[in-house]
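These are my notebook entries on one protein model. I record what I looked up, entry by entry.

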Amino acid sequence: MASTYAQLTHRQVWLQQSDPEIRIHYVEAKPTITPKGIILLIHGFPESSYQFRHAMGPLSSAGYLTIAPDYRGAGYSSRPLAGYTKKVLATDLHDLITKHLKITKPIHVVGHDIGGMIAHAYATLFPDDVASLIWGECPLPGTTVYDDWKHTPALWHFDFHSVPDLPELLVSGHEKQYLKHFYDRLGQNPAAFTEADLDFYATLYSAPGAMRAGFNVYRTFEEDKVDNRRWLEKKGKVKVRAMILGGEYSLEALKSESMAKEVNEQVVAAEVAGAGHWIAEENPDDFVKKILGFIEG
């Protein structure tokens with residue numbers, strides 16, 4: 001499975017060369033039949049573009065140029081000290097797509113977990129550049145679900161990750177065990193993560209600054225909440241055609257559609273069969289099927 005990821009085309013671009021360096025790594029799979037469009041896949045925490053290793057081949061075989069970046073601070077991308085609001089992360093990816101890859105046509109944006117929050121920001125800020133929006137598996141800051149859930153035992157890590165410095169100290173040297181806790185607890189199919197997958201993610205998140213960057217994504221949630229509510233006030237609901245996509249057995253399955261309706265004008269809900277939180281890895285076949293069914297429907 002790691003070899004499949006290794007066989008994808010890997011690239012990196014510098015959005016900013018210094019003060020600080022903003023370098024974005026991404027992988028892409030080119031369509032193997034007549035091109036139909038472009039899909040941007042945005043990963044979550046604690047993962048990277050690697051989470052889409054099973055999906056990129058099938059999506060490209062269906063005719064889509066498929067691009068999966070490591071957002072700022074994650075994977076092989078650089079880890080600056082600041083800039084982790086979803087507004088900034090979405091702008092990074094928009095710059096990657098439009099300024100560096102020179103893509104001018106609207107694209108299909110798919111985001112999971114933290115990537116779902118980024119996808120929402122992307123569609124809000126750049127609606128003319130989005131053909132469709134698929135997001136989910138995240139309580140979006142600024143919604144009722146977020147306010148109701150953010151301090152509950154189910155989301156204990158929201159508070160823990162928000163504490164300055166202490167999480168880095170406590171997790172250091174135990175990255176693999178810490179990450180595995182989330183894969184085991186939130187998934188329905190533990191076999192979706194092999195020992196090689198765990199080692200891959202643990203290596204990424206053991207790098208200097210990697211956990212700090214990962215925690216910073218959570219430390220900006222209250223800023224994201226302000227942004228999302230202000231956008232809703234000024235712009236209204238996102239008008240891009242949208243689907244909220246989650247796992248059939250996810251903790252958030254019962255709340256996701258009502259949450260999406262708070263911020264999306266036209267939205268449908270779908271579930272990846274048999275999956276918990278890690279939908280692209282637990283059931284990649286159905287994940288791909290649901291994406292293609294929506295964007296081609």
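**Entry 1: burial.** I call a residue buried if its relative accessible area is under 20%, exposed if it is over 50%, and partly exposed in between (1.4 Å probe, protein chains only). The model is predicted, so I note that local features need pLDDT of at least 70, side-chain atom pairs count only at pLDDT 80 or more, and totals for chains, interfaces and linings use all residues. Residues are numbered from 1 along each chain as its sequence is written, and side-chain values use heavy atoms, with hydrogens and water left out. I looked up strand β6 and found that 6 of its 7 residues are buried, so that it is mostly covered. For the protein as a whole, 58% of the 297 residues count as buried.

**Entry 2: overall form.** I counted 14 helices and 8 strands; these are DSSP runs numbered from the N terminus, helices being H or I with at least four residues and strands E with at least two. The C-alpha atoms fill a box of roughly 50 × 45 × 45 Å along the principal axes. I then compared the radius of gyration, taken over C-alpha atoms, with the globule rule of 2.2 Å times the number of residues to the power 0.38. A compact globule of 297 residues would have a value near 19 Å, and the protein, with 17 Å, agrees. For contacts, meaning heavy atoms within 4.5 Å, I considered those with a separation of 6 or more: 75% of them join residues 24 or more positions apart.

**Entry 3: the sheet.** Strands of a sheet pair through backbone hydrogen bonds, either parallel or antiparallel. I traced an open sheet of 8 strands in the order β1-β2-β4-β3-β5-β6-β7-β8, with mixed pairing. Which strands stand at the edges? They are β1 (9-16) and β8 (267-272); each has a single partner strand, so one side of each is left without a neighbour in the sheet. From one strand to the next the twist averages 25°. Strands β2 (residues 22-29) and β4 (residues 64-69) run antiparallel and are joined by 4 bridges, and Ala 29 has Thr 66 of β4 as its bridge partner. Helix α12 (residues 256-263) packs on the sheet and touches β6 (130-136), β7 (242-247) and β8, its direction making about 155° with that of β7. Such angles run from 0 to 180 degrees between N-to-C directions, with axes as lines fitted to C-alpha atoms, for helices over the stretch in contact. Strand β5 (residues 107-112) runs parallel to β6, with 6 bridges between them; Val 110 has Ile 134 of β6 as its bridge partner.

**Entry 4: aromatic rings.** Rings of Phe, Tyr and Trp (its six-membered ring) pair if their centres lie within 6.5 Å; planes under 30 degrees apart count as stacked, over 60 as edge-to-face and the rest as tilted. I searched the whole structure and found 23 aromatic pairs. Tyr 50 and Phe 200 are stacked, because their ring centres are 4.1 Å apart and their planes are at 25°. Tyr 50 lies in the loop between β3 (37-42) and α2 (56-61) and Phe 200 in helix α9 (residues 195-205), so the pair ties together parts that are 150 residues apart in sequence. Both Tyr 50 and Phe 200 are buried.

Conventions. Two strands pair if DSSP finds at least two bridges between them.
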